[in-house]
Amino acid sequence: MMRTVNVFFAAAAATMLAAPAVAEVEVNIMPGVPSVEVVHMGQKVVIQRNQDQKNTVNPAFAKTSRKCPPFCIQPTSLGPGVETIGEDEVLRYARAMSEGDASIVLVDSRTPDWVERGTIPSAVNQPWTSLNPAKGADPITISEIMEDVFNVKSNEELMDFSQCKTAVLFCNGMWCGQSPNNIRNLLKFGYPAHKIKWYRGGMQNWEVLGLTTVPGG
């Protein structure tokens, strides 16, 4: 797994918090990085870790065992060229988006009932069923999603991926198949593997680390 983002944080720590001052904290994201400011649905959101050092994980993510299938442990890699990333990379992409980089999209692949409980700030919801023909997704709707969300242009029956976005996808975590399903369908459609990033830890890891969530929408 690449960790180039550490260089980013080291260089940007002094400037990335130039927005609203945050009180001195004891639980930092990384050394010298107490928080990261992003934009979610037009509103500024400060992402930081829960400062209560006695806090415990959200009960929705406290289970250790779920019936498999469908809740089976996912592989570390979903395919050649698809990069598996961690929280630091997600924060880097989210911050870049919030600063105006339109070449990135952070996608919550879960169904709306899960998203309503909380999502990563700056993410958009694209349920795994919406790109899955086996679940009733029709070609016209898929084509519209590909253009509106991923900036993939359609030319009759062909898809033009030359200007597609870097797609960062996640779901509930290492036991969740929703983002892997979205990723596999994107690959079937012809999406360039190197433009797909998978946050395998998803909401499970995000919650375990006490990072900020926002209500989905």
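Student: Why is Met41 called exposed?

Tutor: In this predicted model, Met41 has a relative accessibility of 62%, and since exposed means over 50%, Met41 counts as exposed. Met41 is found in the loop between β1 (36-40) and β2, and its phi is near 50 degrees, a positive value in a residue other than glycine.

Student: What makes Asn151 partly exposed?

Tutor: The relative accessibility of Asn151 is 23%; buried would require a value under 20% and exposed one over 50%, so Asn151 counts as partly exposed. Asn151 also has a positive phi, near 60 degrees, and lies in the loop between α4 (139-150) and β6 (153-155).

Student: How do you know that Cys68 and Cys72 form a disulfide?

Tutor: Their sulfur atoms are 1.8 Å apart, and because a disulfide is a pair of cysteine sulfur atoms within 2.5 Å, Cys68 and Cys72 form one. The link is right-handed, with 100 degrees about the S-S bond, and the structure holds one disulfide.

Student: Why is Cys171 in no disulfide?

Tutor: The nearest cysteine sulfur to that of Cys171 belongs to Cys176 and is 3.0 Å away, whereas a disulfide needs the two sulfur atoms within 2.5 Å, and therefore Cys171 is in no disulfide. Cys176 is likewise in no disulfide, with the sulfur of Cys171 as its nearest, 3.0 Å away. Cys171 is buried at 2% relative accessibility, and Cys176 is buried with a relative accessible area of 2%, because buried means under 20%.

Student: Which peptide bonds at Pro69 and Pro70 are cis?

Tutor: The bond from Cys68 to Pro69 is cis, with omega near -5 degrees, and the bond from Pro69 to Pro70 is cis, with omega near 10 degrees. Pro69 lies in the loop between β2 (43-47) and β3 (83-85), where Pro70 also has its place.

Student: Which residues touch the most other members of the largest nonpolar core?

Tutor: Of its 28 residues, Val90, Leu106, Ile120, Phe170, Tyr199 and Trp206 do. The helix α2 gives the most to this core, with five residues. Among the residues that Tyr199 touches are Val90, Ile120, Phe170 and Trp206.

Technical notes
Residues are numbered from 1 along each chain as its sequence is written. This is a predicted model: local features need pLDDT of at least 70, side-chain atom pairs count only at pLDDT 80 or more; totals for chains, interfaces and linings use all residues. Side-chain values use heavy atoms; hydrogens and water are left out. Helices (H or I, at least four residues) and strands (E, at least two) are DSSP runs, numbered from the N terminus. Buried means under 20% relative accessible area, exposed over 50%, partly exposed in between (1.4 Å probe, protein chains only). A nonpolar core is a set of buried Ala, Val, Leu, Ile, Met, Phe, Trp, Tyr and Cys residues joined through side-chain atoms within 4.5 Å. Contact means heavy atoms within 4.5 Å. Lists of a residue's contacts leave out its neighbours within four places in sequence.
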